[in-house]
Amino acid sequence: PTPLQYLAGRHLLQGKPRGGWASIRCPVHKGGGEQHPSMRVSVADGHFRCMACGAKGGDVVALHRLITGLGFRDAVADLGGRFHD
């Protein structure tokens with residue numbers, strides 16, 4: 001999925017994206033229960049960074065892994081990707 005499809009589909013968006021960035025609540029600190037969204041996600045390529053704790057990554061797969069705790073192959077499969085062995 002595109003970054004925006006991923007965020008919207010999981011109800012993670014906090015308001016409308018502005019300037020190419022979407023804001024979400026960081027899943028890393030405060031057990032994901034922070035009140036004000038501190039993580040910014042690029043709607044262009046999915047890289048992200050939390051402005052409070054510094055958690056960061058390079059794409060939607062990395063964000064999905066952070067949120068779900070899945071390994072790389074399982075996260076890709078969960079997002080609809082396939083591997084050819």
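Contact here means heavy atoms within 4.5 Å, and helices (H or I, at least four residues) and strands (E, at least two) are DSSP runs, numbered from the N terminus. This is a predicted model, in which local features need pLDDT of at least 70, side-chain atom pairs count only at pLDDT 80 or more, and totals for chains, interfaces and linings use all residues. Residues are numbered from 1 along each chain as its sequence is written, and side-chain values use heavy atoms, with hydrogens and water left out.

**View 1. Helix H2 and its packing partners.**

View 2. At the start of H2, a side-chain oxygen of Asp59 comes within 3.2 Å of the backbone nitrogen of Val61. After H2 comes Gly69, with a positive phi near 80°.

**View 3. The antiparallel sheet.** Here 4 strands make an open sheet, ordered S1-S2-S3-S4, with antiparallel pairing (at least two DSSP bridges between two strands). Strand S1 (21-24) and strand S4 (56-57) are the edge strands, each pairing on one side only. Between strand S2 (residues 39-42) and strand S3 (residues 48-50) there are 3 bridges; Arg40 has Arg49 in S3 as its bridge partner.

View 4. The whole structure holds 0 disulfides (cysteine sulfur atoms within 2.5 Å). For Cys26, the nearest cysteine sulfur is that of Cys50, 3.7 Å away. For Cys50, the nearest is that of Cys53, 3.7 Å away.

How values were computed
Polar contact = N/O pair within 3.5 Å; in protein donor to acceptor, adjacent residues only side chain to side chain.
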